[in-house]
Amino acid sequence: MKLTQEEKTQKEAVQSPFPAFNNLPESFVPRYYDSISQFYRNRIASDFNGMFLVAKNGEIVYERYKGMANHQYKRRIDKHTPLHVASISKVVTAVIICKLADSGELVLDKDIRSYLPEIMYEGITVRMLLNHRSGIPYYGYFPYSIWPANKPLTNQKIVQLLNQYKMPLYFPPNSQFSYCNTNYALLALIAERITHKKFPALAQEMIFEPLGMTDSFINNGSQNSDSLSLSYDSKNRVEPFTNLDGIYGDKNLYTTARDLLKLDKATYSGTFLSDSIKKEMFRGYSYERMGKSNYGLGYRLREDKGKSTLFFHTGWWHGSTGCYASLRQDTICMVIISNHYTRKVFAINRLSTLFGSYPYEPLIDTKENFVQPNVAKTHVNEAVNRKRNE
């Protein structure tokens with residue numbers, strides 16, 4: 001039976017991973033363009049290397065691309081240049097895990113040993129990895145004495161070292177919050193165990209291809225080369241790859257502002273993510289300490305009484321810094337990414353007040369962690385020394 005045009009449109013809408021947003025009113029761009037442009041010129045543009053984008057209802061209102069992706073090869077940054085977005089990668093990892101939960105292949109409140117039976121920790125669920133309430137130690141603090149600086153660390157090796165040195169948790173599971181990259185490295189492993197596919201290929205299959213994110217990929221370390229978009233310090237000196245640059249899930253997403261916009265748009269769709277899983281993603285889980293900083297499942301939050309919640313994720317690895325912000329109350333997406341070290345990117349929340357009543361606090365809040373770096377390093381070193389003295 002031949003479908004009518006209306007039936008075809010409805011069928012496509014059901015199958016599409018994107019929501020059917022209303023078209024922007026003609027007055028929207030003229031109303032906001034000058035203010036956004038002024039913000040970019042006054043706060044961002046000087047010495048900026050990267051990409052900047054603001055969109056409403058999935059439609060780009062303003063975008064700029066500036067600077068060098070790779071000085072050696074004289075590659076400039078444009079709308080199709082994948083840049084390393086550091087911890088913004090966690091959003092993609094969380095979406096993959098939540099989609100696996102949506103399909104019944106994974107249970108968020110199941111013990112992680114159901115998926116990683118070799119790990120020694122008890123009482124940690126998948127959800128606790130997602131919201132950073134596991135207490136698992138940070139792999140970046142493993143001393144060179146147990147893993148040499150010239151030997152690439154992998155996701156699987158992280159588990160082996162945690163077990164081998166019997167590294168205790170920072171705190172009892174689900175008792176408090178402490179942001180830790182190890183959580184997301186383990187989530188990538190869990191996704192691999194469930195699907196029997198490597199995480200970079202899984203991201204391609206579940207996220208990038210369905211959403212048309214054609215300029216995005218997960219680097220597993222094998223692509224580390226001078227031909228990539230590189231990372232630079234504030235004096236334009238290239239940041240070399242290290243032994244931690246083969247770990248994915250917590251970082252190693254290379255993408256563009258336009259591709260992140262596609263992902264943001266899809267998160268509003270009930271066909272891409274169920275309404276029930278979105279309720280779990282876009283809420284806070286850590287209220288032991290008074291403050292406005294919180295974390296959902298793959299998203300940071302700024303919450304302030306009487307204001308709309310700001311959902312976002314920052315990124316900072318070597319010289320790469322960035323922020324992706326989702327103003328869900330107003331269907332606004334803001335993306336800023338730089339491959340030359342700058343803290344300018346962390347001020348993008350100031351622009352959010354142009355569109356509604358949003359929290360104004362800085363996006364980098366080191367006081368939100370219960371476990372501070374010096375304590376965490378000591379914790380790991382003590383475990384290593386105990387093992388050696390056995």
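Two strands pair if DSSP finds at least two bridges between them. Helices (H or I, at least four residues) and strands (E, at least two) are DSSP runs, numbered from the N terminus.

This is a predicted model: local features need pLDDT of at least 70, side-chain atom pairs count only at pLDDT 80 or more, and totals for chains, interfaces and linings use all residues. Residues are numbered from 1 along each chain as its sequence is written, and side-chain values use heavy atoms, with hydrogens and water left out.

**Exercise 1. Find the partners of strand 1 (residues 50-56), and say how its residues are placed.**

Step 1. Take strand 12 (residues 332-338). Strand 1 pairs with strand 12 in the antiparallel sense, over 7 bridges. Lys 56 stands opposite Ile 332 there.

Step 2. Take strand 2. It is joined to strand 1 by 7 bridges, and the two run antiparallel. Here Phe 52 faces Arg 64 of strand 2.

Step 3. Look at the turn. The hairpin of strand 1 and strand 2 has 2 residues between the strands, and Asn 57 takes a positive phi near 55 degrees.

Step 4. Check burial. Buried means under 20% relative accessible area, exposed over 50%, partly exposed in between (1.4 Å probe, protein chains only).

Step 5. Sort the directions. In a regular strand the side chains alternate between the two faces of the sheet. Gly 50, Phe 52, Val 54 and Lys 56 point one way, while Met 51, Leu 53 and Ala 55 point the other way.

**Exercise 2. Which aromatic pair does Tyr 40 form with Tyr 62, and which parts does the pair tie together?**

Step 1. State the rule. Rings of Phe, Tyr and Trp (its six-membered ring) pair if their centres lie within 6.5 Å; planes under 30 degrees apart count as stacked, over 60 as edge-to-face and the rest as tilted.

Step 2. Count. The rule gives 20 aromatic pairs.

Step 3. Apply the rule to one pair. Tyr 40 and Tyr 62 are 6.1 Å apart centre to centre, with 55 degrees between the planes, and form a tilted pair.

Step 4. Tyr 40 belongs to helix 2 (residues 28-44) and Tyr 62 to strand 2 (residues 59-66), so the pair ties together parts 22 residues apart in sequence. Both Tyr 40 and Tyr 62 are buried.

Step 5. Widen the view. Ring pairs link Tyr 33, Phe 39, Tyr 40, Phe 48, Phe 52 and Tyr 62 into a cluster.

**Exercise 3. Describe the open sheet of 3 strands.**

Step 1. Read the order. It is 5-7-6, with antiparallel pairing.

Step 2. Name the edges. Strand 5 (83-84) and strand 6 (217-218) are the edge strands, and each pairs on one side only.

Step 3. Check one contact. Strand 6 and strand 7 (residues 253-255) run antiparallel and are joined by 2 bridges. Ile 218 has Leu 253 in strand 7 as its bridge partner.

**Exercise 4. Is Ile 348 buried or exposed?**

Step 1. Locate the residue. Ile 348 lies in the loop between strand 12 and helix 10 (349-352).

Step 2. Read the accessibility. The value is 1%, so Ile 348 counts as buried.

Step 3. Find a contact across the chain. The C-alpha atoms of Ile 348 and Ala 325 are separated by 8.3 Å, and the two residues are 23 residues apart along the chain.
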